[in-house]
Amino acid sequence: MASSSFDTLLQKIETRTARAGIIGLGYVGLPLAMAVARSGFAVTGFDIDPGKMVALDARRSYIDAVSDKALSAEIDAGRFEATTDFAGLAECDVIIICVPTPLTKHRDPDLSFVEATSRSIAAHLRPGQLVVLESTTYPGTTDDVVKVILEGTGLKSGSDFFVGFSPEREDPGNQHYHTATIPKVVAGDGPEALALMKAFYGAAVSSVVPVSSNATAEAVKLTENIFRSVNIALVNELKTVYAAMGIDVWEVIDAAKTKPFGYMPFYPGPGLGGHCIPIDPFYLTWKSREYELPTRFIELAGEINSAMPRYVVGKLAEALDIRAGKALSRSRVLVLGLAYKKNVADIRESPSLRLIEIIEERGGHADYHDPFVAEIPPTREYQALKGRKSVVLTPEAIAGYDAVLVATDHDRVDYATLANNAPLIIDTRNVFNRLGLSADHVIKA
């Protein structure tokens with residue numbers, strides 16, 4: 001560890017004189033920028049979206065995990081600034097990539113954002129920089145994609161600059177953990193890169209968990225999300241089996257979780273949402289093909305979870321037919337909750353969008369109510385839904401729908417008013433039973 005680039009950068013990190021550049025100021029990047037700034041580093045945030053710059057210049061946060069007050073505090077202290085001009089990367093000592101890693105329509109990894117960002121960094125790369133990928137991806141991406149693009153400049157990883165991977169672990173809406181209190185897995189391309197990763201992240205978060213390679217760290221993130229995907233798929237499948245037997249899966253789970261060992265509760269729902277669980281497992285599925293190894297659990301879990309919206313709409317149609325004598329094609333349905341999880345405004349990969357689409361494919365009319373999402377923004381897959389607005393929940397409005405389909409159990413909803421005025425309720429979250437509002441017209445699905 002004798003290189004001058006390493007020694008100089010390590011000293012800058014240890015004395016908090018290093019400037020951090022964070023590319024991608026979304027659900028991962030902006031909270032990370034605040035945590036790094038609060039630890040004493042100067043931070044420059046980079047994003048291609050000028051709308052985010054307008055909001056940040058007005059000291060207005062668009063991410064629930066970052067308050068306007070917290071944002072203003074770091075700006076006032078001179079520790080945070082944001083720009084769309086990537087030329088500022090040359091001034092940054094640590095550069096962190098927090099850009100999307102979606103899937104193509106064929107469920108293959110889409111690394112276009114990572115690749116484009118790496119090329120932008122390469123255009124301003126200089127000796128003595130640490131470049132970190134946080135975006136979730138398949139094992140090998142950091143070394144085989146990011147590092148290769150950067151080394152195309154003629155500079156070498158491990159001597160001129162350094163490369164590392166640290167998977168993001170953001171959980172929107174979690175009131176118990178935030179960026180700085182969640183243990184951070186870190187890895188680097190070589191011992192010097194790992195030492196820099198430990199020093200930098202160790203200054204910003206409560207604890208770091210070093211692992212042996214970037215590929216291992218990439219696998220850690222995938223494992224965490226595959227674990228959730230497979231177990232949620234299991235309870236979703238059990239839900240359909242137990243329903244056919246007349247058994248309430250929610251009652252089964254509540255009883256099973258009293259066992260103090262060997263069991264962890266997972267809960268069914270109308271499908272998977274968010275930027276991780278519906279997407280990330282397929283990065284490993286894709287990579288495994290290179291080794292001619294099947295990933296049957298992962299693919300089966302994906303099939304089960306992807307089938308849930310259609311299963312739920314089927315239960316809705318059945319209930320309308322039996323309870324109201326009305327076809328779904330002639331029904332008006334209110335979908336309660338557009339966000340993919342409770343008490344957040346995040347609609348990425350939300351099953352609610354698919355529920356609305358399926359209802360209308362079958363001839364029904366669907367509106368939505370969400371206290372956190374006033375209007376459906378542009379999305380890649382549901383362009384036809386853009387601009388629809390959340391309806392106001394009044395007793396008269398509720399009574400005007402043939403059914404209410406609860407997709408997201410936000411706390412900021414008057415469920416008693418729903419129970420008293422909706423002629424039929426399809427509850428995918430067991431919220432009415434939890435609140436003691438069970439009734440004959442409330443159907444679990």
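Where is the place of N430? In this predicted model, N430 sits in the loop between β12 (425-427) and α15 (431-434); helices (H or I, at least four residues) and strands (E, at least two) are DSSP runs, numbered from the N terminus. Residues are numbered from 1 along each chain as its sequence is written. Because the model is predicted, local features need pLDDT of at least 70 and side-chain atom pairs count only at pLDDT 80 or more, while totals for chains, interfaces and linings use all residues; side-chain values use heavy atoms, with hydrogens and water left out.

N430 has a phi near 60°, a positive value in a residue other than glycine. With a relative accessibility of 2%, N430 counts as buried; buried means under 20% relative accessible area, exposed over 50%, and partly exposed in between (1.4 Å probe, protein chains only). E292 is also a residue other than glycine with a positive phi, here near 55°. E292 lies in the loop between α10 and α11, and it is exposed, with a relative accessible area of 74%.

Helix packing was examined next. Two packed helices are described by the angle between their axes and the distance between the axes. Axes are lines fitted to C-alpha atoms, for helices over the stretch in contact, and angles run from 0 to 180 degrees between N-to-C directions. The axes of helix α11 (residues 296-324) and helix α12 (residues 351-361) come within 9 Å and cross at roughly 50°. This makes α11 oblique to α12; angles under 35 degrees count as roughly parallel, over 145 as roughly antiparallel, 65 to 115 as roughly perpendicular and the rest as oblique. The crossing of α11 and α12 is right-handed. A crossing is left-handed if the near helix is turned anticlockwise from the far one by less than a right angle, and right-handed if clockwise.

On the α11 side, the contact (heavy atoms within 4.5 Å) is made by P309, R310, V312, V313 and L316, and on the α12 side by P351, R354, L355, I358, I359 and E361. These residues divide into eight nonpolar, no polar and three charged. Here Ala, Val, Leu, Ile, Met, Phe, Trp, Tyr, Cys and Pro count as nonpolar, Asp, Glu, Lys and Arg as charged, and the others, Gly among them, as polar. The buried residues of α12 are P351, S352, L353, L355, I356, I358 and I359. Their cover includes α11, β9 (332-336), β10 (365-369) and β11 (403-406). Just after α12, G363 takes a positive phi of about 95°.

M34, A37 and R38 in α2 meet A70, L71 and E74 in α4. The contact of α2 with α4 comprises four nonpolar, no polar and two charged residues.

The structure holds eight aromatic pairs. Rings of Phe, Tyr and Trp (its six-membered ring) pair if their centres lie within 6.5 Å; planes under 30 degrees apart count as stacked, over 60 as edge-to-face and the rest as tilted. The rings of Y138 and W286 have centres 4.9 Å apart and planes at 45°, so this pair is tilted. The pair links distant parts of the chain, with Y138 in the loop between β5 (130-133) and α6 (141-151) and W286 in helix α10 (residues 281-288), 148 residues apart. Y138 is buried at a relative accessible area of 8%, whereas W286 is partly exposed at 30%. The rings of W250 and Y267 have centres 5.9 Å apart and planes at 15°, so that pair is stacked. W250 is in helix α9 (residues 249-256) and Y267 in the loop between α9 and α10, 17 residues apart. W250 counts as buried at 8% relative accessibility, and Y267 as partly exposed at 33%. F41, F200 and Y201 form one aromatic cluster.

Y201 is also among the residues touched by S166. S166 is found in the loop between β6 (162-165) and β7 (184-188) and counts as buried, at 0% relative accessibility. Not counting residues up to four places away in sequence, S166 touches V132, L133, E134, K184, V185, V186, M197 and Y201.
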